[in-house]
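Subject: Structure for you to look at

Hello,

Here is the structure I said I would pass on. My notes on it follow below.

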Amino acid sequence: MRDAQNDTLSLRLKQLEIDKELAKANEGKQTDAEKAAVRAEAVDKIKLARSLIQRSRDGWFTTGFGAGMAGSFNGSAAFDVAKDTETLKNAGALTRIMEMAATNGGKNPLTPLSNSDFQALASSLSNLDTGQSDGQYQANVQRVIDLYTRAYQAAGGSDIEGDIDPSKRRRTDGGLPISTLGPSDGRPTIDPTGNREFSTEADRALSAEAQAAFNAGATREQIDAIAAKYGAKPFGPDLDQAIKGRDAGAKTQFTTPTTGRETSGLARQVMGAAANSPVGSYAINSANAMTLGTLDELSGLLGADPNQTQAAKELAAENNPMSSALGSITGGTLALAAPEAAMSRFGIGGGAGIIAPRLAATDAAYGAAYGAGENNNDRLSGALSGGTMAALGGVGGRGLMTGGGMAFRGVRDAGVRRLADAGVPMTLGQLVSQGGRVGRAVKGVEDRLAGMPLVGDLINGRRLEGLREFNRAAYDEALAPIGAGSAGQVAEAGINRAQQAVSQAYDDALNGVNISPDAPFIGGMRRVRGDAMAIPNHGATLGHTLDNDLGNLFGNNGMLSGENLQAGLQTLRQEAAAYKGQPLGSSAMRSLRDAEGEITDLVGRQAPDVMPALNNANQAYRNLRILEDAVGEAGRNTDGIFTPAQLTSMSARNTKAYGGKAANARGDRPFFELSRDGQEILPSKVPDSGSAGRLALPAILGGAGAGAGYLGGDTEKGAALGLALALPATRLGQRTIQSALIDRPDAFVRIGDQFYRKRAIGGMFGAAALPYLSQGN
């Protein structure tokens, strides 16, 4: 037993000695080949890194602020920089060096490059991110260049610029340039028909081993033997020239051959040719979207290879990303147009607003079908992702179209525009509050800001000014029948001015009026009295009213003065109101209204201007009574400023009393539009006086903004933030915004209307675009 164990141990030790000798024998050759590979990869990485620095400097949003968002768009410069950065971070040369160190007992074979250099390179690569500032990104890439340059030199390289660009190779002491030997740089190529040439593992091994042997002084026969070992043809006459140059002190770099071939059939050649052109890429992706992502499966049903079709789709997206995206969006839009047109034909609406539930359901159905068709590995996951993305894209597309329409049209809400025409200033939130979800969201933000110190004082100050102007507009409307105005006065001062204006209107209408009864009046009154006396239960009372109260209106001279005219009309109206609700009261009321009509007809025949002027004065008086009640309702705490709701309440009460409930219900009352618009848009209560707000602007622009910036480490940004919050709530900012949103040229309004009406098309574009982009194309 012990002898067997000893024999086994002896065999194991012997094997270890043999392995050690073999490793020692092959150490030099292996290291030379791997060093050549390290140099080649270092050259590629340095070329790539230099281009990244240049693109970071020249490109918009390729690195730094905005690079993350810009990099998500296929085909953009930022997208290419992000992908190439990932390629740079793939440290192939670093991996080879570590492997060489591992086979060398942990000792780094590429002296003088230290292990700490490798760690620095690994750290620089891991920290590389396009989201860094432009300067930081470029500095990190430069560190990578420096470390790869040292790796190149440690691996035996001596002319980095010449290896990067052969035209810049340094000449040797013998006057011979460093040349290249081999057919290509080893990169795969794809011709327009879809055939592919590439370097195989044997190609790369041949190049590395031949380079190592050549550098070690091998003869032509020895190098040709290496080619034969890998099944390659002997080198041509260029090798003889290279050996002569080497012996004269020149250097030669072996390139990597491309013996790999991948040949396609006719169908794939056609698809490959299409995928390599922008028009073909557009057509492929348009057809794929119209067939809900199943172009590869459908081609299989028609006898073609579905894998080739899938490869062509991927090649098109890679070579022509913009054309592919446009094709997919076009095809998806056409696929969505059919069901949405059918819905419209059968009178099925898509739903209101940006969400439009039925349109969103159609979008989701298309996206689910497309996602399932595109994801050949997991149909369910593709359907869920595609359906979600399409629904979101549809909402986003309709939202963009709606926003574009609003931007062109400005504020079109009738109530907002009526208030603006009445001279009522409104804050941004009030201006857009009737503009759907977006407008309500802006109003909500403003409401929350109104509760904050300083900025809130400014906002409330502007809102209070709006209420004051609303009150002023109500006074102007009240006095409009008599051609008077408020002169900007409101509250108690406004009431006093209005009372004087109404009193003057009565004087102007009635002073100097003297009307004599004529034959039509006398005949008419006899008829009215006869009809009134015939009304059961009320005849005697009505006769007394007509004989005495109206009879006394005509003075001793038998003339009806202006003063008596107004008093007589008031008497008739009061007497008529007393019969309301009594049996046969409507007949009694009609008799008294007939008597009033006879008087006004008499005045109209002899003094045509009196009754219109008197009616206007009466209307202004009624309006004044409503304003008096509204100011009394507002109370002293608001300095006599009433809200739209208080004006509505007083107007409704007055109308019910003098015009009836029916008139009030149909909106036949004073201040109807003004008070309704005010209730929908202006505050429901009177804000504070705004005196704090008048003092707030310097604090916001200075201390408050700077303080906020100080907490964030940047007082200038804090001041800018304060300015941004404060300016819309200043008088100048408010006037500028209101003018910009209200005063739009008719051409802009028409364009905005088209955007708004066609927002469903924007939804189709969004629903087609987002599933395609989310597939990682």
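**A surface patch**

The loop between helix 1 (2-58) and helix 2 (67-70) holds Phe65. Please keep in mind that this is a predicted model. Phe65 has a relative accessibility of 75% and therefore counts as exposed, the cut-off for that being over 50%. Together with Trp60 and Phe61, Phe65 makes up a nonpolar patch on the surface. The accessible area of these three residues together is about 490 Å².

**Helix 18**

Helix 18 covers residues 414-421, and its buried residues are Gly415, Val416, Leu419 and Ala420. Viewed down the helix axis, these buried residues fall within an arc of 135 degrees, so they line one face of helix 18. In an α-helix there are 3.6 residues a turn, so residues three or four places apart point the same way. The buried residues of helix 18 are covered by elements including helix 19 (428-432), helix 21 (455-479), helix 30 (672-681) and helix 33 (731-742).

At the N-terminal end, helix 18 is capped by Asp413, which has a side-chain oxygen 3.2 Å from the backbone nitrogen of Gly415. Just after helix 18 comes Gly423, with a positive phi of about 85 degrees.

**Thr545**

Thr545 sits in helix 24 (residues 539-549). Is Thr545 buried or exposed? Its relative accessibility is 5%, so Thr545 counts as buried, since buried means under 20%. Leaving aside residues up to four places away in sequence, Thr545 touches Leu550, Glu575 and Leu592.

Regards

Methods. Residues numbered from 1 in each chain as written. Predicted model: local features only at pLDDT ≥ 70, side-chain atom pairs only at ≥ 80, totals over all residues. Heavy atoms only, no water. Patch = residues over 30% accessible without salt bridge, like charges linked within 9 Å, V, L, I, M, F, W, Y side chains within 5 Å. Areas by Shrake-Rupley, 256 points an atom, 1.4 Å probe, with all protein chains shown as cover. Salt bridge = Lys/Arg side-chain N within 4 Å of Asp/Glu carboxyl O. Helix = DSSP H or I, 4+ residues; strand = E, 2+ residues; numbered from the N terminus. Buried < 20%, exposed > 50% of the residue type's maximum accessible area, 1.4 Å probe, protein only. Arc of directions from axis to C-beta. Contact = heavy atoms within 4.5 Å. Polar contact = N/O pair within 3.5 Å; in protein donor to acceptor, adjacent residues only side chain to side chain.
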